Amino acid sequence: QVQLVESGGGLVQPGGSLRLSCAASGSIFSIYAMGWHRQAPGKQRDLVATITGGGSTNYADSVKGRFTISRDNARNTVYLQMNSLKPEDTAVYYCSAKKFAYTPWNYWGQGTQVTVSA
């Protein structure tokens, strides 16, 4: 099993920046990819960014050019650097992991709140 713990959320003004962290533990060698999802109140949970063990990244169009996903393999940690934040980025952000390329995301963190407001 894999355990994921997010941190780094908080309140930030529009145009500001935050960096989210996700620490992975357990059967980390079984992870094919990790990602970040977000869910606003009353909305579905959407994929924000992904990164594979080989370092390949993908981003949702809504965050492309503003967010960067990265890894620190020594610390088993994935980061989401969020710049130029907008009020529409307000959501609970969830760290996720999967064992295979074309399967559902089967591990989830508890979520961390990001609020972008003036």
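Me: Which backbone nitrogen does the side chain of Glu-6 reach at 2.9 Å?

Reply: In this predicted model, the side chain of Glu-6 reaches the backbone nitrogen of Gly-111. A polar contact is a pair of N or O atoms within 3.5 Å.

Me: Where does Glu-6 lie, and which residues does Glu-6 touch?

Reply: Glu-6 lies in strand β1, residues 2-7. Leaving out residues up to four places away in sequence, the contacts of Glu-6 include Trp-36, Tyr-93 and Tyr-94, together with Gly-109, Gln-110 and Thr-112. Cys-22 and Cys-95 are also among the residues that Glu-6 touches.

Me: How many disulfides does the structure hold, and which residues are joined?

Reply: A disulfide is a covalent bond between the sulfur atoms of two cysteines. The structure holds one, between Cys-22 and Cys-95, with an S to S distance of 1.9 Å. The angle about the S-S bond is -80°, and the link is left-handed.

Me: Which parts of the chain does the pair tie together?

Reply: Cys-22 is in strand β3 (residues 18-26) and Cys-95 in strand β9 (residues 91-98), so the pair ties together parts 73 residues apart in sequence.

Me: Are these cysteines buried or exposed?

Reply: Cys-22 is buried, at a relative accessible area of 0%. Cys-95 is buried too, with a value of 0%.

Terms used: Residues numbered from 1 in each chain as written. Predicted model: local features only at pLDDT ≥ 70, side-chain atom pairs only at ≥ 80, totals over all residues. Heavy atoms only, no water. Helix = DSSP H or I, 4+ residues; strand = E, 2+ residues; numbered from the N terminus. Polar contact = N/O pair within 3.5 Å; in protein donor to acceptor, adjacent residues only side chain to side chain. Contact = heavy atoms within 4.5 Å. Disulfide = S-S within 2.5 Å. Buried < 20%, exposed > 50% of the residue type's maximum accessible area, 1.4 Å probe, protein only.
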